[in-house]
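Here is a short briefing for a reader meeting this structure for the first time. Look over the sequence and the fold before reading on.

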Amino acid sequence: QAFQMNALGQHSAENAAAAVAIANQIGVSLETCSKSLSSYEGIYRRHQILGEKNGVWVIDDYAHNPAKCAASIRACQPIAKRLIAWFQPHGYKPTRFLRNDFVQEISDALRPQDEIWMSEIFYAGGTAVKDISANDLIEDLKAKGSQAKFIENRDDLVSHLKSNLQEGDVLLLMGARDPSLEDFSKKVYQEL
């Protein structure tokens, strides 16, 4: 039985294979699984394709920890001449705790032509000690040879990126826990 799907990345293929195996074990035919998988549109903000403008595809993803950011980056690379990834970390304590992992996972995932951009850490309130910045991760990534750029205010992202985007690029927007990320991603797409 042939299977096709509308999702990107090895992790999506692995999830689909697991779902098909379970469904088949409980009696769903492989034909039904194949048909269902071919029309499955995915999950909100998990490699959600916002569209294509001027030859640049824009994808919004909920990736928020080191492994998920790396998987999201790798998933886009087969369709991108160059990947421009943007990430907004959330929480000062989690970012501080995962700093080395973020830097290692992201630097390992990026190809030489790819770029990673970050805006300042999303602060949800509380008594957090603000003793780390997303720029600290950017500097660590630069030290590992990655093309990495800090853009403190995410609202300035498009004005800095627009003239550098080329046909065949994929712009991947990543982040979680910030309820305004969906609107931000749509705004980025509209402004391209």
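Predicted model: local features only at pLDDT ≥ 70, side-chain atom pairs only at ≥ 80, totals over all residues.

- In general, strands of a sheet pair through backbone hydrogen bonds, in either a parallel or an antiparallel way.
- Strand β4 (residues 115-118) pairs with β5 in the parallel sense, over four bridges.
- Within that part of the sheet, Trp-117 stands opposite Lys-149 in β5.

**Strand β3**

- Strand β3 covers residues 82-88.
- β3 runs parallel to β6, and seven bridges join the two.
- Arg-82 stands opposite Asp-169 in β6.
- β3 also pairs with β4 in the parallel sense, over four bridges.
- Here Ala-85 stands opposite Ile-116 in β4.
- Why is β3 largely enclosed by the rest of the structure? Seven of its seven residues are buried.
- In a regular strand, side chains alternate between the two faces of the sheet.
- Both faces of β3 are covered. Arg-82, Ile-84, Trp-86 and Gln-88 are buried on one side. Leu-83, Ala-85 and Phe-87 are buried on the other.

- Trp-86 and Phe-184 form a tilted aromatic pair. The centres are 4.8 Å apart, and the planes are at 45 degrees.
- This pair links distant parts of the chain, 98 residues apart. Trp-86 is in β3, and Phe-184 is in helix α7 (residues 181-191).
- Trp-86 counts as buried because its relative accessibility is 1%, under the 20% limit.
- Phe-184 is buried too, with a relative accessible area of 4%.

**Helix α3**

- Helix α3 spans residues 66-76.
- Its buried residues are Pro-66, Cys-69, Ala-70, Ser-72, Ile-73, Ala-75 and Cys-76.
- Asn-65 caps the N-terminal end of α3. A side-chain oxygen of Asn-65 lies 3.2 Å from the backbone nitrogen of Ala-67.

- His-64 is in the loop between β2 and α3. His-64 is buried, with a relative accessible area of 14%.
- A polar side-chain atom of His-64 lies 3.0 Å from the backbone oxygen of Tyr-62.
- Beyond four places in sequence, the residues touched by His-64 include Cys-69, Phe-87, His-90 and Arg-177.
- His-90 is in the loop between β3 and α4 (92-109). His-90 is buried, with a relative accessible area of 11%.
- Leaving aside neighbours within four places in sequence, His-90 is in contact with residues including His-64, Thr-95, Ile-121 and Arg-177.
- The side chains of His-90 and Arg-177 make a polar contact at 2.9 Å.
- His-90 and Ala-124 are 34 residues apart in sequence. Their C-alpha atoms are 8.1 Å apart in space.
- Is Arg-177 buried or exposed? At 54% relative accessibility, Arg-177 counts as exposed.
- Arg-177 is in the loop between β6 (169-175) and α7.

**Positive phi values**

- Most residues other than glycine have a negative phi.
- Arg-177 has a positive phi of about 70 degrees, although it is not a glycine.
- Asn-54 has a positive phi near 50 degrees, and it is not a glycine either.
- Asn-54 lies in the loop between β1 (48-53) and β2 (56-61). At 64% relative accessibility, Asn-54 counts as exposed.

**Lysines over rings**

- Lys-53 lies over the face of Tyr-189, at 4.8 Å from the ring centre.
- Lys-130 lies over the face of Tyr-123, at 3.9 Å from the ring centre.

Notes:
Residues numbered from 1 in each chain as written. Heavy atoms only, no water. Phe/Tyr/Trp six-rings, centres within 6.5 Å; stacked < 30°, edge-to-face > 60°. Buried < 20%, exposed > 50% of the residue type's maximum accessible area, 1.4 Å probe, protein only. Lys NZ or Arg CZ within 6 Å of the ring centre and 35° of its normal. Polar contact = N/O pair within 3.5 Å; in protein donor to acceptor, adjacent residues only side chain to side chain. Contact = heavy atoms within 4.5 Å. Pairing = 2+ DSSP bridges.
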